[in-house]
Amino acid sequence: MTNEERGSPPQWVWVGVVVAVTLALFWPAVFADFVLWDDDITLFANPHIQGLKAENLRWMFTDVAQTLRYKPLNWLAWAGIHEVAGLRPGAFHLANVLLHTVNAALTAGLLLSLVARACPGLARREAGWGAVIGALVWSLHPLRVEPVAWATGLPYLLALGFTLVSLRAYWQFACTAVDQPHAPVGRKYWFAVGAYWLGLLSYPNILGLATVPVAMDWWLAQKHNQAG
């Protein structure tokens with residue numbers, strides 16, 4: 001380990017920078033109100049998410065007519081928020097802000113893993129700043145405002161969170177499979193599959209992201225062939 005690497009902050013510091021900046025910039029959304037743009041039909045005028053009652057749970061896992069999409073974990077998340085805080089808008093907005101902050105942290109962690117593999121000779125400090133900048137470009141982009149500041153935007157955030165967990169697990173599985181072909185890596189693979197499945201149960205708009213592991217495999221195979 002070089003002197004520069006010894007003086008470089010650990011990974012959690014880089015992730016912490018992303019968390020702090022993201023949380024600070026989106027915190028004002030916590031004080032927003034509901035809007036008459038789907039918040040009514042999905043939240044404050046929807047009796048099915050107002051409590052974790054048996055009939056509500058049955059509806060969450062069987063209904064596809066409310067929004068023409070099957071997203072039981074999303075309904076369950078909203079019902080959980082209602083169970084704790086009722087229909088206070090701040091609670092729903094707080095959930096969005098926290099979820100987005102977690103997603104920003106997961107993005108930074110994934111980027112750190114990707115950069116470490118793609119550029120093994122890169123200094124840790126440079127890799128860290130690269131991951132921070134990449135994660136912040138994503139988390140602070142104007143396109144993030146709608147799903148975070150809009151109470152009904154929670155399914156996008158929830159589904160993406162599970163997807164990012166899935167991609168990180170799959171990347172670890174794929175790297176281990178290349179480096180140690182005989183190592184037992186089944187748990188990581190099935191964890192990635194399970195997390196992606198939970199994402200689909202949150203909101204099915206992540207279907208297209210199933211192509212990302214294919215791209216990961218292709219890239220790793222190319223690097224392995226070049227090294228060989």
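**Basis of the model**

A residue is called buried under 20% relative accessible area, exposed over 50%, and partly exposed in between (1.4 Å probe, protein chains only). The structure is a predicted model, in which local features need pLDDT of at least 70 and side-chain atom pairs count only at pLDDT 80 or more, while totals for chains, interfaces and linings use all residues. Residues are numbered from 1 along each chain as its sequence is written, and side-chain values use heavy atoms, with hydrogens and water left out.

**Cysteines**

The structure holds zero disulfides, a disulfide being a pair of cysteine sulfur atoms within 2.5 Å. Cys-119 is in no disulfide, and its nearest cysteine sulfur, that of Cys-175, is 13 Å away. Cys-175 is likewise in no disulfide.

Cys-119 is partly exposed, at 37% relative accessibility, whereas Cys-175 is buried, at 10%.

**The loop between H2 and H3**

Asp-38 lies in the loop between helix H2 (11–26) and helix H3 (39–44); helices (H or I, at least four residues) are DSSP runs, numbered from the N terminus. Phi of Asp-38 is near 75°, a positive value in a residue other than glycine. With a relative accessible area of 31%, Asp-38 is partly exposed.

Leu-36 is also found in the loop between H2 and H3, and counts as exposed, at 74% relative accessibility.

**Nonpolar surface patch**

Leu-36, Phe-44 and Leu-87 make a nonpolar surface patch of about 290 Å². Patches are made of residues with over 30% relative accessible area and no salt bridge, with nonpolar side chains (Val, Leu, Ile, Met, Phe, Trp, Tyr) joined within 5 Å and like charges within 9 Å. A salt bridge is a side-chain nitrogen of Lys or Arg within 4 Å of a carboxyl oxygen of Asp or Glu. Accessible areas come from the Shrake-Rupley method with a 1.4 Å probe; for residues, only the protein chains shown count as cover.

Definitions and conventions. Helices (H or I, at least four residues) and strands (E, at least two) are DSSP runs, numbered from the N terminus.
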